[in-house]
Amino acid sequence: MSEIATAFKPWTRAEMAQLIAADIPDGAIVNIGIGMPELVADFLPQDKEILLHSENGILGMGPKPSPNEVDYDLINAGKQPVTLLDGGAFFDHSLSFAMMRGGHLDIAILGAFQVAVNGDLANWATNDPNAIPAVGGAMDLAVGARNVFVMMELLTKKGESKLVAHCTYPLTGLGCVSRVYTDHGVIDITPEGFVARLLPPGLSLEALNARAGIGIRAS
Amino acid sequence: MIDKTRPDTQSCVADIPDGATLLVGGFGGAGMPHELIEAVIARAPKDLTIISNNAGNGTTGLAALLAAGLVKKVVCSFPRQADSQVFDQLYREGKLELELVPQGNLVERIRAGGAGIGAFFTPTGYGTPIANGKETRQIDGRNYVLEYPLKADFALIKAHRGDRWGNLTYRKTARNFGPVMATAATITVAQVEDIVPLGALDPEDIVTPGVFVDRLVAIGTGAAQ
């Protein structure tokens, strides 16, 4: 695409994770979804107290353990060993999902296949008949978290935009996404549609619109 | 005298009939009652329906139960994992029926089953394929889907310690579905690391009161995988 400035380089996943981490306010209760969003945990600012929730019954989840601290009774939603911060708590699944569904989490950070202009989210299944479906806790986070942030690359491997007018993949939740962090910019979902909040250096709004193939307004 | 302890896992599962529905605790490997599942495999009841969060990891536990050809249906939230090859193959071959349930609906349906609730309205899944064909209702401007309880003939769970009345404590994230599943089965079986005398468990620490447990067996300390 000739209209893309040659100086432009999409944000790396680590850069996207840093941007998300910087936007989480002090004191927030946050659920980080499995997959790409897991990177965000590596960039949480030390000067803020951010409590991580894990659907399998942790509030106050800590970082990965050292090899001699590994305990397979203490794992995260991705089934990887983690630790517990001082002040952290364990609880059963019913209470964990009461936290999620009941509106007690400030932010959920989820991956996505598609996000629609009205905030609809599709992130659990494609239309591939050979794929094994799996939904986990995504639908509960979508309806329950006060803010749903999506972390995803703007384009599929085939170059199709994941920001869409209407999701064509099976929905996870309706109108639930508030902000999308992509490698091509941070985009808010507003009543007026997609609004560019932050663009990577060298990428103009016009160039972003050309790539996304859908209207994204200036903030 | 009340004594729910059993000397071995075999006697805990010896009366599971063909066609039974089993709640199986665990989230991945944490809280998975591996030893009880091995006893079920040895007994080999057929056409089981399994309700669990996942559908087996690797080649042990639920995966081994599936591989043994004893399961006709799985009700779960997240079968697809890096090491779910046993489920994946059986599902693709059409040998397993799958009912996919969002995780919060899964645990709340089990909770309802154990708590005597006839059904409940939940916002989770509204407007998605999960809600297809289900009753919906708008309450205070929000949309909800009607979901029905899940109950089982047996619940197989893993706890940390227990006593002969069936009181249970849990360990870290191995708690997960155990306390809820214990409430929703005709017969609840718990495997624990050790069985302690009455009074040895601090009543403030007991998560599952003994009323919900029918049988428990000590299997010793084993690192979960």
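**View 1. The buried residues of helix α4 of chain B in the predicted model.** In this model, which is predicted rather than determined by experiment, helix α4(B) has B:Val86, B:Phe87, B:Leu90 and B:Tyr91 as buried residues. These residues span an arc of only 120° around the axis, and they therefore lie on the same side of α4(B). The packing partners of the buried residues of α4(B) are α3 and β4 of chain B. After the helix comes B:Gly94, a residue with a positive phi, near 75°.

**View 2. The β-α-β unit that contains helix α4 of chain B.** Helix α4(B) belongs, together with β3(B) and β4(B), to a β-α-β unit that is right-handed. The two strands of this unit, β3 (residues 71-76) and β4 (residues 97-100) of chain B, run parallel and are joined by four bridges. Within this pairing, the residue opposite B:Lys73 is B:Glu97, which lies in β4(B).

View 3. Helix α2 of chain B covers residues 34-43, and its buried residues are B:His34, B:Leu36, B:Ile37, B:Ala39 and B:Val40.

**View 4. The contact between chain B and chain A.** Chain B gives 37 residues to this contact, while chain A gives 30 residues. On the side of chain B that touches chain A, the elements giving two or more residues are the helices α4 (85-92), α5 (103-115) and α6 (178-181) of chain B. Of these, α5(B) has the largest share, with five residues. Sorted by class, this side of chain B holds 18 nonpolar residues, twelve polar residues and seven charged residues.

**View 5. The open sheet of ten strands in chain A.** The strands of this sheet follow the order β4-β3-β2-β1-β5-β8-β10-β11-β12-β13 (chain A), and their pairing is mixed. At the edges stand β4 (83-90) and β13 (216-218) of chain A, each of which pairs on one side only. From one strand to the next, the twist averages 30°.

**View 6. The open sheet of three strands in chain A.** A further open sheet of chain A has three strands in the order β7-β6-β9, again with mixed pairing. Because β7 (121-122) and β9 (163-164) of chain A each have a single partner strand, they stand at the edges, and one side of each is left without a neighbour in the sheet. Strand β6 (residues 114-116) of chain A and β9(A) run parallel and are joined by two bridges. In this pair of strands, A:Val115 has A:Leu163 of β9(A) opposite it.

Notes. Residues are numbered from 1 along each chain as its sequence is written. Chains are lettered from A and ligands numbered from 1 in the order in which they are written. This is a predicted model: local features need pLDDT of at least 70, side-chain atom pairs count only at pLDDT 80 or more; totals for chains, interfaces and linings use all residues. Two strands pair if DSSP finds at least two bridges between them. Axes are lines fitted to C-alpha atoms, for helices over the stretch in contact, and angles run from 0 to 180 degrees between N-to-C directions. Two residues are in contact if their C-beta atoms, placed from the backbone, lie within 7 Å. Ala, Val, Leu, Ile, Met, Phe, Trp, Tyr, Cys and Pro count as nonpolar, Asp, Glu, Lys and Arg as charged, and the others, Gly among them, as polar. A crossover is right-handed if, with the strands pointing away from the viewer, the path from the first strand over the helix to the second runs clockwise. A residue is buried if 20 or more other C-beta atoms lie within 10 Å of its own, exposed if 12 or fewer, and partly exposed in between; C-beta atoms are placed from the backbone. The arc is that of the directions from the helix axis to the C-beta atoms.
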